[in-house]
Amino acid sequence: MLNLRRSLLLTAMLAAIGLTAGLAGCGKEEPKPAAKPADAPKAAEAPKAAPKPEPLKIAFAYVGPVGDGGWTYAHDLGRKEAEKEFGDKIKTSFVENVPESADAERVIRDMASQGNKLIFGTTFGYMEPMLKVAPEFKDVKFEHATGYKSADNMRVYDVRAYEGAYVAGMIAGKMTKTNTLGFVASIPIPEVVRNINAFTLGAQSVNPKVKTKVVWINKWFDPGKEAEAATALINGGADVLLQNTDSPAVLQTAEKMGKLAFGWDSNMTSYGPKAHLGSAIINWAPYYKKAIKDALDGTWKGETNWWGMKEGAIDVVALGDMVPADVKKMAEDKKAEIKEGKFNVWSGPLMGNDGKEVLAKDAKGDDKFISGIMFYVKGVEGKVPSNK
Amino acid sequence: MLRLEARPVPSKLMGYAAPVIALAITVVFGTLLFLALGKNPAASLRVFFVTPLENARGLSEVALKMIPLLLCSLGLAICYRSNVWNIGAEGQLVVGGVAAGGMALLASPDSTRAFFVLVLLAGMLGGMAWAAITALLRDKFNANEILVSLMLTYVGGLLLIYLVNGPWKDPKGFNFPYSKTFDAAAMVPKLFAGTRLSWGVLIVVVVLAAAWIFLSKSKAGFRLQVAGQAPLAARFAGFSAREGIWASLLLCGALSGLAGALEVAGPLGQLTPQISPGYGFAAIIVAWLGRLHPGGCVFASFIMALIYIGGELSQSRLGLPAAITGVFQGMLLLALLTADTFIHYRLRKA
């Protein structure tokens, strides 16, 4: 018995020692894979050919998993498309599930110290961490999504998601039977409040009786909470839902409860085909291609890019079969108007839900106005959290 | 055939060997996993266990990650040894961070450099106050401390969200739910330039020594543990069970609160809606992995920090998915539980 115990222990220890030794040994060889004997002749010939330029190393930090089916998934689609476009001129990598805590700074600094020359931080919470890292790596370009602070080598990009929300709202306004829409909202910042308003304004443009109920979950990605909020909205009488959260949970909940909903950030048809009216998507590829091209050509400069339907960054796609032909046409027409710059979502007269006029008749909201939207338009129920 | 037979006396040797064996098993299964994923297992394991420790910055980041895990796990070890099932270290950490943040917001550019001491004290008091609610409910109403401490974690999280969305929101922050960044005086001074490591490390070393002395050498620590593990014997000896509940929870609250304070007045430098990626929960694993012993907790928090950081590196270096980190943690725990069986049992030929 004693022998057995001893031999067990011995085996385990030997295994541990062997593996550690193996690690140390193999690790040293790892940085030069070209040393394999089969490759040696090729390596000798190499100097004849023109030396290929090193690919531009590009890194993406994601707040959720690439399989979230929404926000992060859409960013990763953009990354893949850029990779296809530039081929071996670039080399991309990503780290997913990077929390908006002290960890973000470590991940981003590591990306920069690994020789990545272009780094995309794809959530608001990476703003301060990126600002801390940027001055240490002057030759690295930092791109931050949806923030408002920049530096010499850090610029901001964002999309006009509200354009998609408006068109989705028009479809919702036509499809609702209870005249009550539901919105699952994430974190009460202008971007999200804007989308709630645009959704409501779109619906009211075709159906003035529409009201919107909102539930905030204070998270970007939390399928459990998203589903709970959707259930609460449906129980409160909402029959068409939209969300500004990152997963398809709202659509799935609507499907289960026999109501209608939209996909958000990416095409979510497959998550709830019976409930899916359409998807308000973000196509990050055009911007990622532009930013990478800027970096490759040496034309990268500090600027803010805020792209919408016109640049191909926002679209409403995959309208469901239950959407009548005339409603589909209406949506397509509005998209065309927005693309051509003939229609501005933020057109007066615009009333807040406290009854005060925000934009006078014929006034248009400019980007400064849009950046600071922290009120609900008439028809949205409740108050923006913490807005006194 | 082999069968398990209870040992007459738990094996001391296995008590120490089990974590090592568990680690070895994890490495073996990790190797198989990497092979199945088509990666070179040696290179992959290297990224997990060696790359994070290769330079000063890497080491400092592992240490930074260990601080909150270690502080919370020490607090939890005291609780569990006293038979108090506090699983709310996360909430105590968050409320500690809130209190520390509130104090830090009071600092001004003219504040003395020692202001950060107040910030850390506020954090400890905040954590203690939060833990005191659990202690009070358990003491007065015999409420189940597992449920109370867990639920209070969510309340603590919402308190933080309320404050950063409301009264403590940066007025110049475009309504983003973040406080203003703290003045330098409120921040814990850096230990080495070029790293994110602060004096917090030194504080943790002192706390560690104190925890060890308290648990293993002091009469107060002994009373606490007897009161928890053998209430009748404790009463016979004149030790109070109530004292055990209060003391262990308050100590854990103070340590978790300190962890929160060191995060917000350290690497974060402001209050944000998320100040912890779940350190308080991960610390439960750390405490058990570390055998509820301060020295073991150091070892366990080191391994956990390594797996977290190695998981990130395996994404950027090898293109592995983030889920690998969770798989590794799961394997480690499962292997430990398996190996633990042999502390109380042995194999015999049937």
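**Two domains and two chains in a predicted model**

Chain A is divided into domain 1 (56-159) and domain 2 (161-282 + 314-371). The model is predicted.

Biologist: How far apart do the C-alpha centres of domain 1 and domain 2 of chain A lie?

Modeller: The two domains are 56-159 for domain 1 and 161-282 + 314-371 for domain 2. Between their C-alpha centres the distance is 28 Å.

Biologist: What area is buried between domain 1 and domain 2 of chain A?

Modeller: The contact takes 13 residues from domain 1 of chain A and 15 residues from domain 2 of chain A. Carbon and sulfur atoms give 60% of the buried area, and that area is about 1100 Å².

Biologist: Which element gives the largest share of the side of domain 1 of chain A that touches domain 2 of chain A?

Modeller: Between these domains there are zero salt bridges, while four residue pairs are in polar contact. Two or more residues of the domain 1 side come from each of α3 (71-86) and β5 (154-159) of chain A. The largest share is three residues, and the element that supplies them is α3(A).

Biologist: How many nonpolar residues does that side of domain 1 of chain A have?

Modeller: Sorted by class, the side of domain 1 that touches domain 2 of chain A has four polar and three charged residues. Its nonpolar residues number six.

Biologist: What area do chain B and chain A bury between them?

Modeller: The contact joins 49 residues of chain B to 45 residues of chain A. Of the buried area 61% is on carbon and sulfur atoms, and the total is about 4100 Å².

Biologist: Which residues of chain B lose the most area to chain A?

Modeller: Three residues together make up 14% of what the chain B side buries. One of them, B:R196, also forms a salt bridge with A:E105, with the closest N and O atoms 3.3 Å apart. The three that lose the most area are B:N175, B:F176 and B:R196.

Biologist: How many salt bridges are found across the interface of chain B and chain A?

Modeller: The pair A:E105 and B:R196 has its closest N and O atoms 3.3 Å apart, and a salt bridge requires such atoms to be within 4 Å. Between chain B and chain A there are also 12 residue pairs in polar contact. The number of salt bridges across this interface is six.

Biologist: Which element supplies the largest share of the side of chain B that touches chain A?

Modeller: At least two residues come from each of several elements of chain B, including α1 (12-36), α6 (145-165), α12 (294-318) and β2 (345-349). By class this side has 25 nonpolar, 11 polar and 13 charged residues. The largest share is seven residues, from α1(B).

Biologist: Why does the aromatic pair of A:F60 and A:F120 tie together parts that are apart in sequence?

Modeller: The structure holds 31 aromatic pairs over all chains. A:F60 and A:F120 form a stacked one, 4.8 Å centre to centre with 15° between the planes. A:F60 lies in strand β1 and A:F120 in strand β3 of chain A, so the pair joins parts whose separation in sequence is 60 residues.

Technical notes: Residues are numbered from 1 along each chain as its sequence is written. Chains are lettered from A and ligands numbered from 1 in the order in which they are written. This is a predicted model: local features need pLDDT of at least 70, side-chain atom pairs count only at pLDDT 80 or more; totals for chains, interfaces and linings use all residues. Side-chain values use heavy atoms; hydrogens and water are left out. Contact means heavy atoms within 4.5 Å. Buried area is the accessible area (1.4 Å probe) that two parts lose on being put together, summed over both. A salt bridge is a side-chain nitrogen of Lys or Arg within 4 Å of a carboxyl oxygen of Asp or Glu. A polar contact is a pair of N or O atoms within 3.5 Å; within protein, one must be able to donate a hydrogen and the other to accept it, and residues adjacent in sequence count only if both atoms are side-chain atoms. Helices (H or I, at least four residues) and strands (E, at least two) are DSSP runs, numbered from the N terminus. Ala, Val, Leu, Ile, Met, Phe, Trp, Tyr, Cys and Pro count as nonpolar, Asp, Glu, Lys and Arg as charged, and the others, Gly among them, as polar. Domain bounds come from an automatic or database domain assignment. Rings of Phe, Tyr and Trp (its six-membered ring) pair if their centres lie within 6.5 Å; planes under 30 degrees apart count as stacked, over 60 as edge-to-face and the rest as tilted.
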